[in-house]
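Work through the exercises below with the sequence and the 3D structure at hand. Try each task before you read its solution.

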Amino acid sequence: MTNTRTTPPREAPPGPRPAAGRRRGALRTYWPHYLAISPFYVLFLVFGLVPVLFSLYLAFQHWDGIGDMQFVGLRNFEFLVKDSTFWLSLYNTFVIWIMSTIPMLFLALVLAVLLNSSVRFTSFYRIAYFIPNVTSLVAIAIVFGAVFSTNQGLINAILGWLHIGAVPWLSNEWTIKLVIAWLITWQWTGYNAILYLAGLQAIPTEMYEAAKIDGAGPVQTFFRITIPQLRPIILFTVVVSTINGMQTFTEPQVLFGGNASINPNSGGPGQAGLTAILYFYREAFSNNDYGYGAAIAWAVFLVILLFTAINWRIVQRRDKGAA
Amino acid sequence: MELSRRRLLQVALFSAGSAALAACGSGSGSDAKELTLWYWPAGLSDKVVADAVKHFTQTKLKPSVIGGDFKQKLVTTLTGRRFVPDITGVKGEDIASLLVQADRFIDLNTLGADKLASQFVEWKWKQGSTKDGKLIGFPIDIGPTAMYYRPADFEKAGLPSKPEDVAAAMSTWDDYYAAGVKMKQANTGASMVMDIPTIFQMVIGQGTKRFIDENGKFIGDQDHIRNAWDLAIKPIQLGIAAPQAGEQDQFTAASRGKSPSLFGAAWRGQDLKNALPDDTGKWRVAAMPGGPSNYGGSFLALPKECRNPQLAFQIITWLLSPENQARGFTDAALFPSSPAAYTLPALTAPDPYFGGQKTVEVFGDAAQKIPVSYEAPSDAAVSAPFFDEVLSVWAKGKNPDTAWTDAVSKAKEIAERQGVN
Amino acid sequence: MTATRLKRLALHLALLAGVLISLFPFYWTAVMATNTTRDMYRTPPKLVFGPELFSNIARVFENIDFMGSLLNTVIVACCTTVLVLFFDSLAAFTFAKYKFPGHRALFGILLLTFMLPAQLSLIPQFVIMVNIGWVGTVKALIVPASANAFGIFWMRQYIKGAVPDELIAAARLDGAGFFRQYWNVALPAIRPGLAFLGIFTFIGAWNDYAWPLIVMTDPSNVTLQVALSQLNTSHNTDFSMVMAGALLAIAPLVVVFAVFARGFVADAMKGALRG
């Protein structure tokens, strides 16, 4: 993609450049900056670091939650590597993530562009599309369970009316994932659309005017101005969706009997809805194996790290290619 | 040395500086002005609890209804050692893992509970006691099981429909399945069996052994589990099981005459009434094939931090007197653990939902015949793969033999991880 | 002329179809809240509003201290939002527009903390709260949430596009120091972004469930979500009451969002014209 003159100046550092070496000098020069970012780090040190270290410590213990801990070395991790359920849960998480993130971000972008162009009723649409995000997940899980129910569900009623047979949505391995992905897409599309919209609104109107003068059509404008300008926000949504998607937990938990007294938190038939964090939750809190739970959580963390790094790279590289 | 180093690490990790010392202040002092009571929604009759608050004027009884994962919250609070309730409910499925931590609770026998033992069903009393005879959990309710069925659908298939006749004709699982085959042949569109994992659960509960024995040995690959597995799989092979579905779906199918029998404890009747309110008179209760088992039930316990054990124990025994247990049955479908309650009007009254049947005749009888089995703390964890696999056989048509092999090897892995061998 | 009108009509139709899908579960929640549990279990279930809303709400009020937990939730959500807006936007502005020794590593750490599964630290965090004596108080909900990686990351990305470097350079030439640049230049330009972050934070704090459920140990002093979960019983579920509670819990959020949404549209327009 070639550079147009409408691309804004990037990476023009307004702040002073770091002085080479000399730490004390750096502190004297940059203290306002360190002060400005400090609240987060202080809070993390006080409330976040101890739990993180504690869970790391736990990953090497056998602990039932109340009794004494027992040091087991790397045994939890040895189990983890061999544990087919863990790999299944990672696979499930990944499939659900793909099935939800791609339609979600695509629809959100389309929606944002539409909302940005439609002048009337925008605040109505904005509220309407955002409502799924504020609704209580417990209530929604009940609604989704009812809508996708085999015998009395609305979806199957419509399918029956169209003379297509009933689908056992919450019994089949793939449709279980589809319903979970649908729930996530439904809940987060409006949210991402509004993030994109915020980014769209921040693009100065002069850039579009300049493009018009240059004779650019709407498609050209979209790819040459809108997308490059929106890139930081797109990067943000991709990273956040990756992190949240890899941590999918509440949806399958409420859909597939977190309250069930027989075998709770198992993720439904064939364990098709057992995500990695749900597995962690099941091992730690349903089965009282806190050490193994911690080991699972750390493995998930590493996977998230890996995927986020990959996605960041992909989006960033495009960024550099375009700029 | 080893221990002190671990302690040191724990302290270093847990405490945020010197503030740690502040934690060990509460819970001491016996002249408490108030006693806190934790239970979950419908864990006790709210009316009985409200009366207890009025009745015990020497202290301020503060009841709290805790929603969500009750055990997680209780364990967290016990670990934190602050705001520990003076009296707490313990669910039946959690008692085994708390018995191991008996030193965190008061032995109720030291407060005179042993004199009351004869008033309660024996197996339940044992369930709340440690191996060395300390009573940790005082029985609230029990979950004697039975078969819920729809007489009209049974009749349509040429099967007996009166509770006594059904119980007599289907006293074993094989008889029950034979009736299922007959129902299939009658071509009424009904599949006898509503839920497969429940049958697996029920058959295990009818025996005296579970997945781990008293010596902490894994016995889930032995005949008693294999037998339960085979019995659970059989209706699928005979084609008399309804398709796998969620609970509400199953109830709906049942009300349409598609799957006319299910198994559950006494409280299951309340689920039916809630889910199918228009089905009044359409259900009956009969003794379960293969004998009774227990499913659910709960206890009250006194954590070590309890500020006034004597008074707390008085409150417990008051809350769980036969009369108040009977009220618990009326208000919250809690089936009494004290047989003296079975003759009280609250229980002997005919239930219109079950066509005027006196269901206590079935459940009361079952309650006293429940076999005692040892349940290890890690029983739930080790049994999970069996339930996952039996569900796979049912929902996905997985080969039962492969499923069994997978379940056993998975369960062995978990047993090893849990320190069971 | 008619072509553009037709196009606009098609656009609105497409948007309305999306609105229907978006609102349906919400609508159904409302339907369930206005009917009895019995009506919901009927086949086919009732799809229109019923007359039972007030009796359902009455049962909610009977069973939980709705007003008390509402007050707690409002306090927590408001305090958290104000603190987050300030701390996050300040940190984000710094990360977006300045390079200082260690800025890359520090931002990396920030992202790493974001990737830690939240469920992991629930229990140890509870133990910390016990030790500093904050258990059962709203402090335990507000303070740890008063600055977060998510918000800093979002504002950083937003500020990169929304605050022109030239403006900061100009302010610096005028002799404005770092904090003045933040206050006078950045803050006015990022109002729409702040409005979004504010809404998200408010909603997040409002709907937060797992942590309050653990840390608010005094059941008579809880937040709305925890109180709602107390309604959700294990065996006898009065769904219509739960739904009425859920409806009551989200109604204030919809109002907040409606008010804010109007505000930031206007702001965005002004910002664009001025810039």
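**Exercise 1. Size the interface of chain A and chain B.**

Solution. Step 3: 44 residues of chain A are in contact with 40 residues of chain B. Contact means heavy atoms within 4.5 Å.

A note on the source before going on. This is a predicted model, in which local features need pLDDT of at least 70 and side-chain atom pairs count only at pLDDT 80 or more, while totals for chains, interfaces and linings use all residues; side-chain values use heavy atoms, with hydrogens and water left out. Residues are numbered from 1 along each chain as its sequence is written, and chains are lettered from A and ligands numbered from 1 in the order in which they are written.

**Exercise 2. Find the charged pairs between chain A and chain B.**

Task: How many salt bridges cross the interface of chain A and chain B?

Solution. Step 1: apply the rule, in which a salt bridge is a side-chain nitrogen of Lys or Arg within 4 Å of a carboxyl oxygen of Asp or Glu. Side chains of opposite charge can pair when their charged atoms come close. Step 2: the rule finds six salt bridges across this interface. Step 3: take Lys410(B) and Asp83(A), which form a salt bridge with their closest N and O atoms 2.3 Å apart. Step 4: look at who gives residues. H11(A) gives the most to the side of chain A that touches chain B, with five residues. Helices here are DSSP runs (H or I, at least four residues), as are strands (E, at least two), numbered from the N terminus. Step 5: sort that side by residue type, and it divides into 16 nonpolar, 19 polar and nine charged. Ala, Val, Leu, Ile, Met, Phe, Trp, Tyr, Cys and Pro count as nonpolar, Asp, Glu, Lys and Arg as charged, and the others, Gly among them, as polar.

**Exercise 3. Turn to chain A and chain C.**

Task: What area do chain A and chain C bury, and how many salt bridges lie between them?

Solution. Step 1: chain A and chain C bury about 8200 Å² between them, with 78% of it on carbon and sulfur atoms. Step 2: the count of salt bridges is zero. Step 3: helix H1 (residues 23-58) of chain A gives the most to the side of chain A that touches chain C, with 21 residues. Step 4: the residues of that side divide into 70 nonpolar, 15 polar and five charged. Step 5: in all, 90 residues of chain A are in contact with 94 residues of chain C.

**Exercise 4. Check an annotated span.**

Task: Where does UniProt place the feature "transmembrane region" in chain C?

Solution. Step 1: the unreviewed UniProt entry places the feature at residues 70-93, 105-128, 134-154, 182-206 and 241-265 of chain C. Positions follow the numbering used here, feature names are shortened, and annotations may be inferred rather than shown by experiment. Step 2: residues 70-93 of chain C are 100% helix and 0% strand, with end C-alpha atoms 34 Å apart. Step 3: residues 182-206 of chain C are 96% helix and 0% strand, with end C-alpha atoms 29 Å apart. Step 4: Thr201(C) lies in helix H11 (residues 191-207) of chain C. Thr201(C) counts as buried because its relative accessibility is 11%.

Terms used:
Buried area = accessible area lost by both parts, 1.4 Å probe. Buried < 20%, exposed > 50% of the residue type's maximum accessible area, 1.4 Å probe, protein only.
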